[in-house]
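User: Please take a close look at one part of this structure, the contact between the two chains. I would like a connected account of how the copies meet.

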Protein chains: 2
Amino acid sequence: MRIEIICTGDEVLTGKIVNTNFSYMSQKLEDVGLSVHWGTTVGDDRESLLDAFRHAAQRADAVIVNGGLGPTVDDLSQEVAAQAAGVDLVLNEEWLEKMESFFTKRSRIMPPNNRKQAMLPATAEVIDNPIGTACGFALDIGRARFFFTPGVPRELRRMLEEQVVPRLLARGGAPATIHLKRFHSYGLGESHVDALLTGVGDLAPDGSIKLGFRAHYPQLETKLTVRGTDMDDVRRRLEPVQAEVRKRLGNFIMAEDDQTLEGVVLAELTRQGATLALVETFTSGQIAARVGHLPGAEHVLRAGVTVRDRTALHKALDIQGFTLADDLTQETTESVAHAARAHTGATHALVVLIDLDEGADRIDFGGTIWIAIATAEEVAFRRSRILGGREWVRLGAVELGLDCLRRYLQRLPVVERIDFEKT
Amino acid sequence: MRIEIICTGDEVLTGKIVNTNFSYMSQKLEDVGLSVHWGTTVGDDRESLLDAFRHAAQRADAVIVNGGLGPTVDDLSQEVAAQAAGVDLVLNEEWLEKMESFFTKRSRIMPPNNRKQAMLPATAEVIDNPIGTACGFALDIGRARFFFTPGVPRELRRMLEEQVVPRLLARGGAPATIHLKRFHSYGLGESHVDALLTGVGDLAPDGSIKLGFRAHYPQLETKLTVRGTDMDDVRRRLEPVQAEVRKRLGNFIMAEDDQTLEGVVLAELTRQGATLALVETFTSGQIAARVGHLPGAEHVLRAGVTVRDRTALHKALDIQGFTLADDLTQETTESVAHAARAHTGATHALVVLIDLDEGADRIDFGGTIWIAIATAEEVAFRRSRILGGREWVRLGAVELGLDCLRRYLQRLPVVERIDFEKT
């Protein structure tokens, strides 16, 4: 099935907003085994829209149009769709009532120009939008089925996932259920993970599982797209494959599906009734910022301390008995972790100290990262060296620090070689 | 002049990467008074590329193609360009030598497949890429001039700004010099600023200045695009208009052009020989993270302290003599600022404490923000209330806190009503 996407709107065409709707839609279709063949971006302009619809209508089996369903005069999708299909625009009474009750529920009167959002091409099939006034719809133009979706990201997401994707799958004759299983890892590069997972797909019958990746440094997402007749069938097919992925990637899997590394760390600390103190230098509060704003963090994050000159830690943490002015050692790093615990009263302290290289930023600019995790009973230590410029070092250190804490809390080895470090 | 952009590559088409090159190019052209009329996205696929080139060649005056100039087999731009133009691919000896010296300088041998990057359509005009091996080029296909650019963002940026834009402007018969002047503000919404600036463009002769905006909450960018015969002419036209913009937006302008709010704050602290202590609650290190990693911050940022339960501040800052367990007041907020100075020895302390609403996140979820800035001589205070959900409150509080410090350091009023607050 040949699928095209048409994104409309002056804000997207002029680059005022980055077109994340396109990448979202395209990824979502890839996740269920469908592929986008062509993308078009046009402005709020009658002639361009008509051209774009007509071109796509000749080439594609299915077309998703995004945007242009709003109440203002520059929202032209319904009108141009009707023109391209050679049918009239008619008022959809049902949608009009829905909109009126939408406003009533919010104690507001519907402005008259919203009525325009209920004007649909005569042959259109309505596609529900449970969270907005923009009415989705589908109709045939030329040889293609067109699906019109709202530009507001959360409305698009819901409509695409709940309504458009199932219709596309039905048209493509695909099995009824498609499920996406995701693993988030840190420390192994995409090609390394690809090599580690060679052949795992074969554990499922007849190629019903597809393996894919999405790298966004410093994390890597490993994706399994599973096709089955229903959810039970999907689970049966997925089971041996996900068990094998967990076995092969082992300690490097830090979260699955909608989980995040910081969420896993916070949940584990909460479960253990623990509290946390953080000490940072060059990461400057980035580690605290990942955890601190999450719901529930108010019971866990006791204190975060950032200094850029580490000798200031003496003052900030009431440190006595050793000096931070000299080169860092394992001993001084661990002592800072003990001092952070003692000073804040937290059960756990995570310390991430960084010695940056001298000189200007460049691609081989690096930093040496000194990490210690202290509890009342013990202290864990990890040293690493990351290259790739100031920003790369900073992002890597934040991830490594949080991941060491995750490993410590889950009783996994804190020291395990990663691909991104220079030793 | 009708301009189109064609973005190529499977990673962009499948949404694996978000297409920021498109929005960057489109904005950059808008900034110099040119407009993109149509955008196309296709994969690394010979047939799609040829179709895309041929369609654009019929409609456009100029086409920018992005991507597909690399050394691997899926990089097809030169080959398909030659096919579409009906000319042969020939080896460009000059570019080959350039690439070889590029590798030699880095003490590496050029891999044989890089030779492919020097194969250009016979009629191509070479466009230099001073920082990479992908050779840019221009040639005519149909009625349009095509410009081929690399997919690597930093290479694209340099080539577009230095080489492609001047060629487009020359083709469009535009005056020789176009300049973009930018003002960054916080606290006034786009429509408010638009109203405040009514008529400023008329201060320049014959519509040579165009006013535009780019909102990215919490900041707003106000842009003046100036056309002139040369840079002196541009400066002459811009002078009265920028003076008027500065006058009308006044204290709300926190930075201009490539400056950032955090950069302005750091520069001002550095100039005054000052040092800084930061105290945060719900913003959880976000304020420290904006400043702390900047070059030079190691001499200024004395300490950043994050707590989620503000009673933990007693311990963290050695506070005695008042309690933080009760509701916040101006007095307790100011006392925390004094304590932060005393504890860290910094000349300036910025304290941003937040009382979050109770309950689940929702669109009218809000927070009350208590800000104090202390020096040895005095203390400044600001209270605000921001609605819009947890994330909105957090972003707004970070910006408001930093902007209050900027105002204090520049001797401007710290308290001035902003559009984003509820009073």
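Analyst: Two strands are said to pair if DSSP finds at least two bridges between them. Helices (H or I, at least four residues) and strands (E, at least two) are DSSP runs, numbered from the N terminus. This is a predicted model, in which local features need pLDDT of at least 70, side-chain atom pairs count only at pLDDT 80 or more, and totals for chains, interfaces and linings use all residues. Residues are numbered from 1 along each chain as its sequence is written, while chains are lettered from A and ligands numbered from 1 in the order in which they are written.

At the contact, strand β14 (residues 301-306) of chain A is joined to β14(B) by 3 bridges, and the two run antiparallel. Within this pairing, G304(A) stands opposite T306(B). In general, strands of a sheet pair through backbone hydrogen bonds, either parallel or antiparallel.

The relation between the copies comes next. The same surface serves both copies, since 98% of the contact residues of chain B recur in chain A. Here two residues are in contact if their C-beta atoms, placed from the backbone, lie within 7 Å.

The contact draws 48 residues from chain B and 47 residues from chain A. On the side of chain B that touches chain A, at least two residues each come from α2 (20-31), β2 (36-42), α10 (286-292), β14 (301-306), α11 (313-316) and α13 (390-409) of chain B. That side has 17 nonpolar, 21 polar and 10 charged residues. In this count Ala, Val, Leu, Ile, Met, Phe, Trp, Tyr, Cys and Pro are nonpolar, Asp, Glu, Lys and Arg are charged, and the others, Gly among them, are polar.

As for confidence, the model scores ipTM 0.80 and pTM 0.83. Chain A averages a pLDDT (the predictor's confidence in each residue, from 0 to 100) of 93, and 99% of its residues score at least 70.

For context, chain A has 13 helices and 17 strands, and its C-alpha trace spans about 85 × 55 × 45 Å along the principal axes.
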